[in-house]
Amino acid sequence: MISLHLTAHKVHRNNLSRTAPWPRASQIITAVSILAAITSPNRSAVSAFSRTSIHQTAATRRRSNNLSSTSRLDESLQSEIKYLGSGPDAIVRPGVVLVAPDHEYDHFLMKSAVFVYAIGLDDNQDMVIRGVILDHPTAFTVGEMSPNVLGTVSNNLLFRGGNSGEDSAMLLHSAGGQNGSIQSAEMIGNSGVYEGGIVSAMEAVDAGLVDASQCKFFFNYMQFRELELDDLFSEVEDGDAWSSLEIPSEYVLDSNLGRGELWMKLRGTVKKNRKSP
């Protein structure tokens, strides 16, 4: 069985317990329906996504001009990747990235790197693990799909986080915290990544306080129940299995990733550690 680590907002990450008090999923996961307006007090979620038909050719052309034409997977950050195990020995906690093995053939999960952003109880009091696929870009910018996202950050690409969520959307960024320029919840694990704060993100980017590359937008997410994740990690073929890593926030937030690009990068680390004695 995988080592599933829980963290609650008021529980120190080094003193964890499966029985620790945990808020309902509606409190810890601030994604909001794409069809809803921005109504929450902190207005942290992206909403009111337009269903207007947009030609993909035009979006693809804009994508080539967005941020940078190449991924920012800086080789100098390679040493910051931390291997947390594979298969039943893997550690799963908020802030880690789950890397698919070669034998994963699920449409969404094959060749994927999934960032775990929340673990908690859903409305039925079942333990769930939620994450977003980091390297599944769409052909559209977030501004094209949401009239409520304005300014420079609206040019950021929108990524498909998974197959659950009923067209919900969320923002991840690296400019939160007590002295951060974007108002948001506490850091997700040890990742250096925060969730929410779309209005302050738009303002901070336009004011030059935050670079647009520090923000990344997703719609939908992957959700696993604890037993489902156990089954996923228990499938080992030729010594290969799902793995868990901690990676630099720059990798998590790279908005220029192609499909499976980060997965390929991280698989090299997984294979290297599997061969280590």
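1. A word on terms before we start: a residue is called buried here when its relative accessible area is under 20%, exposed when that area is over 50%, and partly exposed in between. Please also keep in mind that this is a predicted model.

2. Let's begin with helix α5, which spans residues 226–234. Four of its residues, Leu229, Asp230, Leu232 and Phe233, are buried. They sit on the same side of α5, because the arc they cover around the axis is only 160°. As background, an α-helix has 3.6 residues a turn, so residues three or four places apart point the same way. What do the buried residues of α5 pack against? Their partners are the strands β4 (91–92), β5 (97–99), β7 (127–133), β12 (215–225) and β13 (243–246).

3. Strand β13 deserves a look of its own.

4. Now zoom out to the whole chain. It has seven helices and 13 strands, and 53% of its 277 residues count as buried. Among contacts with a separation of 6 or more, 71% are between residues 24 or more positions apart. The chain exposes about 13,000 Å², with carbon and sulfur atoms supplying 48% of that area.

5. The largest nonpolar core has 49 residues. Those with the most contacts inside it are Leu98, Phe115, Val132, Leu134, Leu172, Ile247 and Leu266. Which strand gives this core its largest share? That is β6, with eight residues. Apart from this core lies another of 21 residues, including Met145, Val153, Ala169 and Ala201. Nonpolar side chains tend to be buried together in soluble globular proteins.

6. Leaving aside neighbours within four places in sequence, Val132 is in contact with Ala113, Val114, Phe115, Tyr117, Gly161, Met170, Leu172, Phe218, Asn220 and Tyr221.

7. On to the aromatic rings, where the count comes to two pairs. Phe159 and Phe218 form a tilted pair, 6.1 Å centre to centre with 55° between the planes. This pair links distant parts of the chain, with Phe159 in strand β9 (residues 157–160) and Phe218 in strand β12, 59 residues apart. Both Phe159 and Phe218 are buried. The rings of Phe233 and Trp242 also count as tilted, because their centres are 6.2 Å apart and their planes meet at 40°. Phe233 and Trp242 are buried as well.

8. Lys111, in the loop between β5 and β6 (113–121), has a phi near 50°, a positive value in a residue other than glycine. Is Lys111 buried or partly exposed? Lys111 is partly exposed, with a relative accessible area of 47%. Asp238, in the loop between α5 and β13, is not a glycine either, yet has a positive phi of about 55°. Asp238 is exposed, with a relative accessible area of 80%.

Conventions
Residues numbered from 1 in each chain as written. Predicted model: local features only at pLDDT ≥ 70, side-chain atom pairs only at ≥ 80, totals over all residues. Heavy atoms only, no water. Buried < 20%, exposed > 50% of the residue type's maximum accessible area, 1.4 Å probe, protein only. Helix = DSSP H or I, 4+ residues; strand = E, 2+ residues; numbered from the N terminus. Arc of directions from axis to C-beta. Contact = heavy atoms within 4.5 Å. Areas by Shrake-Rupley, 256 points an atom, 1.4 Å probe, with all protein chains shown as cover. Core = buried A, V, L, I, M, F, W, Y, C linked by side-chain atoms within 4.5 Å. Phe/Tyr/Trp six-rings, centres within 6.5 Å; stacked < 30°, edge-to-face > 60°.
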